[in-house]
Every structure is written in C-alpha cells, then in structure tokens.
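This briefing goes with the sequence and the model shown below. Please keep both in view while reading the points that follow.

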Amino acid sequence: MTEVGWSSSKPLTTAAFLTLVEAGTVSLDTPLADVLPEFAVMRVAHEHGSFPSARPITMEHLLTHTSGLTYANASGSRAERSMAAATADDCSPDGASSLAEWAARASRAELASVPGEAWTYGVGIDVIGRVIEVLTGHPLEVALRERLFEPVGMRDTGFRVAADARHRVAPILRRAEGGRFDVLEVSLEAPPVLSAGGGIVSTAADYTRFLRMLVNDGQLDGERVLSPDAVLRMRTDRVHRDGSPLPRTGDISWGTGCGFGLGGRVVRDPHVADYGSPGTYGWDGIAGMTFFVDFEAGRGALLVTQVLPWPAHFHEIFRGIVGVNPEK
C-alpha cells in the first residue's frame, strides 16, 4: 500500500543528485552559491548575535547535514527560530509558493554552525532539491522521475498519489491519550513547495527496488543508475575526523556505532551498532519507516510503519532480527 516516506525521501534525492555529479554537471565540492547565489553571504547564529561564516556551504555539506542549515522551530535554538522566521515556519499559509521562493527565504536564515564544523539535522537536502531544479532545468518532480524513479522502476513513487491509487493509501496513525490512535489526515496532492527531504510518497515495493539497486552497486535489471563509485560515496562515513565525530546539535542522532555518509547513516562499528557490516547504509522516516543496506552481506531490509510518534524500539527489534551478519 502507498505510504508517506518523510525523511526516507532523503536517500532518494541524494541518489538523484549523484547522477548529476556523475554527469559532470556539479561536484560535491561545488559551493552552493555557484548554483544559488542567494546563499553567497551567510551568518552563523551565536548566543549574543551572529557572525559572518568563514566558510561557504558546499553540496557535500548539504548532503551530510553539516551545512548549518536547521529545520524551522519557532521555540527552538536561535538558528531554528531564524529559519522559522525566514521561511514563515515552513508550512504557514503565508509560506512560499514555490521551491525557488522557499530556498530564497531559507538563505536569509542564520546557520547553527560554520559549514563543516558540526552535524545539524535540517533542510540541507530540501535545498538540494532546488539545486536539482536549477541544474536540470526541470521541476523537481520531473527531474527525480527522469533521473531516478523511472530508471529504477519506482512506478508508484513521487510527490502526489494518483486518484486511482488513493484506495491503497495506508492510514497514518497518531498516538492519543488512553492508548488510542487517531487517523492523521494528510493531503495526497503535491504541495506548492516540494520537499526533497521529506515529501516523497512511495510504496514498500518501490523502495525495495531502490535498495536492490544500491545492493547491486548502482545497477538493477540491467539498468545502470549509479556507478559503484557513487554508491561507495553514499556509504562512506564523512563526519568522523581522525576517529572523532563532529559535534552534533539537536535531538536527532545518526546512531551508536555509526557515522553519516551522503543522505544516510553509515555503520562504523557493527559490534557497537549491533547490526550490519562496516559501511552498512540506511535512514529513517518520522512515522517509523527504516531501512538498511549491508553491502558486505549483499542484502537490504526495509520496515514500513505509519505511526506518529514512531516507536523507536521497533527499529532496534527489526535490526536485531534481520540485521545480524552471520559471518561476524
């Protein structure tokens, strides 16, 4: 049945962006301002104000959540409040009417850190969505369909649910008082601002095809989508320096025994992480969807739930059951 992926959108957008890297259109080191000039001058939030950033945001910073761009939170940190004010809290009736307008607003927000100096979960991959639009000359929905969904055979994946497929949509349950669950109403139409980091709708069958493509080093059913080198880039930890992790801000973690690659977590020590082999790649969605791809074992696994807030212990049970490498 059709489900809403939320942050499980991020690895999909990352893979689509890497097709542009492989085409030579852009590189991971390309400054964001080379594509979106509004991001040329950024300021970093400080307890008593802000200061000019000493380093520009690059594409890799966006894909690894080290750009300093946060999510909007009107009652959060100074940087989160700044993002909320800049973007009209991301979903206000007074919000942006297009991804281009939203990105321009986001560029006025203060950063949580100098790019490359801390890991802060945020809108970086949403900004990548706007980068994809500019570089391809197509709306994000079209670009992702042409560069990823169609080559992988993800027929039910996009930013909206077709009218003749809406009977397949699994209800999203929200925990209520007394152990009850309420059904959360969500729009099945594409919103004005397409979220590359949290707005893609897919199915378990489609997402499994994406995992199979990754397991096969970028190829599926004879179709080459990514090179083995691009897949290796995704699953290479990029947040540890000389064995020490970058500082993390906020309450989102990449997980014990793990680091972070492009668009997802990467297992560094499987004995601490308690699943997978070194280089195992994956990420989650806020309603409980989670996946991982263990390249050494040659397999992937996907868990789909539709519960808010998502039951974190489900992930531990899931990984404990299916994530153990018998050769460890």
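**Briefing: packing, rings and strands**

Apart from neighbours within four places in sequence, His 61 is in contact with Arg 55, Pro 56, Thr 66, Ser 67, Pro 115 and Gly 116. The model is a predicted one.

**His 61**

- Is His 61 buried or exposed? Its relative accessible area is 11%, and a residue counts as buried when this value is under 20%, so His 61 is buried.

**The nonpolar core**

- The largest nonpolar core holds 80 residues.
- Phe 17, Leu 69, Leu 148 and Phe 210 have the most contacts inside this core.
- Helix 1 (residues 9-22) contributes the most to the core, with seven residues.
- Leaving aside neighbours within four places in sequence, Leu 69 is in contact with several residues, including Phe 39, Met 42, Ile 57, Leu 62 and Met 83.
- Ala 106, Leu 111, Thr 120, Tyr 121, Gly 122, Val 123 and Val 127 are also among the contacts of Leu 69.

**Helix 5**

- Helix 5 spans residues 99-106, and within it Leu 99, Trp 102, Ala 103, Arg 105 and Ala 106 are buried.
- These residues cover an arc of only 160° around the axis, so they lie on the same side of helix 5.
- An α-helix has 3.6 residues a turn, so residues three or four places apart point the same way.
- Which helices do the buried residues of helix 5 pack against? They pack against helix 4 (78-87), helix 6 (124-136) and helix 7 (140-152).

**Aromatic rings**

- A search of the whole structure gives 11 aromatic pairs.
- In one of them, the ring centres of Trp 119 and Trp 254 are 5.2 Å apart and the planes stand at 90°, so this pair is edge-to-face.
- Trp 119 lies in strand 4 (residues 119-120), while Trp 254 lies in the loop between strand 12 (248-249) and strand 13 (258-260). The pair links distant parts of the chain, 135 residues apart.
- Both Trp 119 and Trp 254 are buried.
- The rings of Tyr 281 and Phe 291 have centres 6.2 Å apart and planes at 55°, so this pair is tilted.
- Because Tyr 281 is in strand 15 (residues 281-284) and Phe 291 is in strand 16 (residues 290-294), the pair ties together parts that are 10 residues apart in sequence.
- Tyr 281 has 1% relative accessibility and counts as buried; Phe 291 is buried too, with a relative accessible area of 0%.
- One aromatic cluster is formed by Tyr 71, Trp 119, Tyr 121, Trp 254, Phe 260 and Trp 283.

**Charges over rings**

- Arg 248 has its charged end over the ring of Trp 254, 4.2 Å from the ring centre.
- Arg 235 has its charged end over the ring of Phe 295, 4.3 Å from the ring centre.

- Three strands make up an open sheet in the order 6-5-18, with mixed pairing.
- Why is one side of strand 6 and of strand 18 left without a neighbour in the sheet? Strand 6 (181-184) and strand 18 (307-308) stand at the edges, and each has a single partner strand.
- Strand 5 (residues 172-175) and strand 6 run antiparallel and are joined by four bridges.
- Across this pairing, Arg 175 stands opposite Phe 181 in strand 6.

Notes:
Residues are numbered from 1 along each chain as its sequence is written. This is a predicted model: local features need pLDDT of at least 70, side-chain atom pairs count only at pLDDT 80 or more; totals for chains, interfaces and linings use all residues. Side-chain values use heavy atoms; hydrogens and water are left out. Two strands pair if DSSP finds at least two bridges between them. Helices (H or I, at least four residues) and strands (E, at least two) are DSSP runs, numbered from the N terminus. A nonpolar core is a set of buried Ala, Val, Leu, Ile, Met, Phe, Trp, Tyr and Cys residues joined through side-chain atoms within 4.5 Å. Buried means under 20% relative accessible area, exposed over 50%, partly exposed in between (1.4 Å probe, protein chains only). Contact means heavy atoms within 4.5 Å. Rings of Phe, Tyr and Trp (its six-membered ring) pair if their centres lie within 6.5 Å; planes under 30 degrees apart count as stacked, over 60 as edge-to-face and the rest as tilted. A charge sits over a ring if NZ of Lys or CZ of Arg is within 6 Å of the ring centre and within 35 degrees of the ring normal. The arc is that of the directions from the helix axis to the C-beta atoms.
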